[in-house]
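Please keep the sequence and the model in view while reading.

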Amino acid sequence: MARPRHPLLSRERIVAAALELADAEGLEAVSTRRLATELGVSGPSLYNHVATKEELLDAVVDAVMGEVDLSMFASPCTDWRAALEGWARSYRAALAGHPNVVPVLARGPGRRPNALRLADAVFGGLVEAGWPRREATSVGALMRWFITGSALGSFAAGFPADSALYDGDYPHLAPQAHLLAERRQRIDTTAFETGLEALLDGLALRFASF
């Protein structure tokens, strides 16, 4: 029997192609027509694996959540601070690799399996490590806001590289603000690490008060 010209379709292959397209051009570029062209198949054949475009986009977003390491919350989770720290870095790395899906991720887990698995692991790990259930919910929400917020955009990239812009009216920015954009990766990473440490220090004080 002759081999097919293209690999057989599967949900995993469709989602991977859609994520690649979203990374390159944004979620708005993801359509069944465009995907069919990219995969070399007919449009209707995609619906054997994903029923609607909304289902496809949910699967694309959830695939990113599947990249986040949750192993640090495996039972028994006794060091909640180390677990949150490792998870936060892994989460940020996943979002940094797929910035175009971050606005959708920021809305919450919805019915996405990987996103719900993430929420379950973080909450369960915190409770097992000694956090009261109500507090664990708040901590999980706080960390998600911080991580997704840090991935929504670059602070440093927002400063134009025109040094003349800052002369006169902005004396505190004038010396180096025009250099921020070209140093964005280091600045944004340092800012994230500073914020993460500050959050964990504050949570440690709160945990000690129980």
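In helix α1, the residues Ile14, Val15, Ala17, Ala18, Leu19, Leu21 and Ala22 are buried, where buried means under 20% relative accessible area, exposed means over 50%, and partly exposed lies in between, with a 1.4 Å probe and protein chains only. The model is predicted: local features need pLDDT of at least 70, side-chain atom pairs count only at pLDDT 80 or more, and totals for chains, interfaces and linings use all residues. Residues are numbered from 1 along each chain as its sequence is written, and side-chain values use heavy atoms, with hydrogens and water left out.

Helices (H or I, at least four residues) and strands (E, at least two) are DSSP runs, numbered from the N terminus. The cover over the buried residues of α1 includes α2 (32-39), α3 (43-46) and α4; contact here means heavy atoms within 4.5 Å. Helix α1 takes in residues 11-25, and its 15 residues should span 21 Å at 1.5 Å a residue, which agrees with the 21 Å between its end C-alpha atoms. The expected span of a helix is 1.5 Å times one less than its number of residues. Just after α1, Gly26 has a positive phi of about 100°. Most residues other than glycine have a negative phi, and most peptide bonds are trans.

The feature "domain: HTH tetR-type", from an unreviewed entry, is placed by UniProt at residues 8-68. That span is 66% helix and 0% strand, and its end C-alpha atoms lie 28 Å apart. The annotation "DNA-binding region", also from an unreviewed UniProt entry, covers residues 31-50. For residues 31-50 the end C-alpha atoms are 12 Å apart, with 60% helix and 0% strand. UniProt positions are given in the numbering used here, feature names are shortened, and annotations may be inferred rather than shown by experiment.

## Helix α5 and its surroundings

Helix α5 (residues 80-97) has 18 residues and reaches 26 Å from its first C-alpha to its last, close to the 26 Å expected at 1.5 Å a residue. Its buried residues are Trp80, Ala83, Leu84, Trp87, Ala88, Ser90, Tyr91, Arg92, Ala94 and Leu95. Among the elements that cover them are α4 (53-65), α6 (102-105), α7 (113-128), α8 (133-151) and α9 (184-208).

Ser90 counts as buried because its relative accessible area is 17%. Leaving aside neighbours within four places in sequence, Ser90 is in contact with Glu67, Val68 and Asp69. In the loop between α4 and α5 lies Pro76, and the peptide bond from Ser75 to Pro76 is cis, with omega near 0°.

## The packing of α4 and α7

Two packed helices are described by the angle between their axes and the distance between the axes. Helices α4 and α7 pack at an angle of about 35°, with their axes 7 Å apart. Axes are lines fitted to C-alpha atoms, for helices over the stretch in contact, and angles run from 0 to 180 degrees between N-to-C directions. On the α4 side, Asp62, Ala63 and Met65 meet Pro113, Asn114, Ala115 and Leu118 of α7. The residues of this contact divide into 5 nonpolar, 1 polar and 1 charged; Ala, Val, Leu, Ile, Met, Phe, Trp, Tyr, Cys and Pro count as nonpolar, Asp, Glu, Lys and Arg as charged, and the others, Gly among them, as polar.

## Salt bridges

Side chains of opposite charge can pair when their charged atoms come close. The structure holds 8 salt bridges, a salt bridge being a side-chain nitrogen of Lys or Arg within 4 Å of a carboxyl oxygen of Asp or Glu.

Arg89 and Glu85 both lie in helix α5, 4 residues apart, about one turn of the helix. Arg89 is partly exposed at 37% relative accessibility, as are Glu85 at 26% and Glu193 at 27%.

The structure's 8 salt bridges also include the pair of Asp201 in helix α9 and Arg81 in helix α5, which links distant parts of the chain, 120 residues apart. Asp201 is partly exposed, with a relative accessible area of 34%, and Arg81 is partly exposed at 25%. Elsewhere, Glu25, Arg34 and Glu38 are linked in a network of salt bridges.
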